[in-house]
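Here are a few exercises to work through with the model open in your viewer. Try each task before reading its solution.

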Amino acid sequence: MSTRARGARPTRPRVSRTDGAELGRRLRRRELGAAPAALNLLESAAPADREQTDALLAEVSPTALGGEAPGHIVGVTGPPGAGKSTLLSALLHSWRAVGRSVAMLAVDPSSRRSGGSLLGDRARIDFDPADRGVLIRSTAAGDRLGGLAPTTRAAAQALAAAFDVVVIETVGVGQGETEVADVADTVVVVVQPGSGDVLQFLKSGIMETPDVLVVTKSDLGDIALQSRRDLSAALRSLGARDTRVLAVSSLAPTRGVDELLAALDAHRASVDLAGRRTHARRAGALLDYLAEHGERGLRALGGRRAAERLLAEQDPALDERTLVGVLEQHGSA
């Protein structure tokens with residue numbers, strides 16, 4: 001007979017709360033094993049987790065790190081069917097061959113039924129599940145129109161403290177998807193040959209986004225070569241002659257992948273990283289403030305330009321959540 005008093009409630013084991021600060025410190029020490037739990041916390045919609053999320057992000061902020069996170073954040077976008085996942089598989093193998101740890105954040109369309117990720121890049125990107133130097137996470141875009149999931153920016157910034165390379169693959173391509181340029185250190189736009197994408201890109205403004213343009217399926221020969229010429233001509237018309245246009249075949253035997261890796265590294269070395277990331281954090285803070293407070297909140301700040309001037313006056317090392325707090329404080333004054 002049980003010794004527990006009749007009618008007494010069973011004792012439940014205590015559930016330890018996620019310690020966001022400790023997760024942030026582990027990422028700062030480049031402990032890759034902390035990444036899944038950190039992403040779970042960042043993606044949590046529970047109000048109780050918001051404080052822990054803020055604590056995590058504070059631990060991987062430039063102030064805590066003593067500078068910008070060392071990881072290279074690479075944004076990859078392009079029309080559906082252009083071969084982004086095949087290209088990323090080839091890039092992943094090349095990065096791992098030289099010992100670089102890689103995190104991939106794949107932003108997929110949302111299921112109308114479950115709200116979850118519809119495609120799931122674990123199925124589309126070829127990788128070794130036992131390789132602890134690789135993390136692939138599919139995230140549902142929800143109703144966000146910018147090509148990024150709501151937590152993508154924070155996740156990329158946190159993972160860049162631990163991984164050598166952080167890739168953001170967006171859900172598709174269009175006017176709104178230029179948001180990836182406000183997150184990534186280097187933006188890659190992927191185009192398939194003979195698709196007529198050049199004209200569409202000129203109309204949508206995408207041609208002003210890439211740091212590197214990639215024409216996939218270079219094994220198609222003349223068609224791929226013509227697409228590369230068309231893209232180069234379009235870039236010249238926009239005054240973007242320095243943007244690299246590369247032709248790559250991701251199928252075995254791969255061609256052009258090493259050249260692409262070199263182009264990505266060269267771009268990263270050439271940019272003002274601190275300036276680019278400071279701009280990204282400020283742009284992200286304004287987006288988050290607008291999502292929370294809408295146009296009424298923006299009017300309380302005196303409009304977008306006034307909000308941008310206020311952000312420009314802040315310490316460049318401040319993280320997004322702190323910057324949102326600055327906006328909220330001035331908006332309620």
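A residue counts as buried under 20% relative accessible area, as exposed over 50%, and as partly exposed in between. Keep in mind that this is a predicted model.

**Exercise 1.** Classify Arg30 by its relative accessible area, then find its salt-bridge partner.

*Solution.* Start with the area: Arg30 has a relative accessible area of 36%, so Arg30 is partly exposed. Next, look for the partner: Arg30 forms a salt bridge with Asp164, at 3.1 Å from N to O. Now place the two: Asp164 sits in the loop between helix 7 and strand 4, Arg30 in the loop between helix 1 and helix 2, and 134 residues separate them. Asp164, at 28%, is partly exposed as well.

**Exercise 2.** Describe how helix 2 and helix 7 pack.

*Solution.* First take the axes: they come within 10 Å and cross at roughly 155°. Angles over 145 degrees count as roughly antiparallel, so helix 2 and helix 7 are roughly antiparallel. The crossing is right-handed. Then list the contacts: Ala35, Leu39 and Leu42 of helix 2 meet Ala154, Ala155, Ala158 and Leu159 of helix 7. These contact residues comprise 7 nonpolar, no polar and no charged.

Terms used:
Residues are numbered from 1 along each chain as its sequence is written. This is a predicted model: local features need pLDDT of at least 70, side-chain atom pairs count only at pLDDT 80 or more; totals for chains, interfaces and linings use all residues. Side-chain values use heavy atoms; hydrogens and water are left out. Axes are lines fitted to C-alpha atoms, for helices over the stretch in contact, and angles run from 0 to 180 degrees between N-to-C directions. Helices (H or I, at least four residues) and strands (E, at least two) are DSSP runs, numbered from the N terminus. Angles under 35 degrees count as roughly parallel, over 145 as roughly antiparallel, 65 to 115 as roughly perpendicular and the rest as oblique. A crossing is left-handed if the near helix is turned anticlockwise from the far one by less than a right angle, and right-handed if clockwise. Contact means heavy atoms within 4.5 Å. Ala, Val, Leu, Ile, Met, Phe, Trp, Tyr, Cys and Pro count as nonpolar, Asp, Glu, Lys and Arg as charged, and the others, Gly among them, as polar. A salt bridge is a side-chain nitrogen of Lys or Arg within 4 Å of a carboxyl oxygen of Asp or Glu. Buried means under 20% relative accessible area, exposed over 50%, partly exposed in between (1.4 Å probe, protein chains only).
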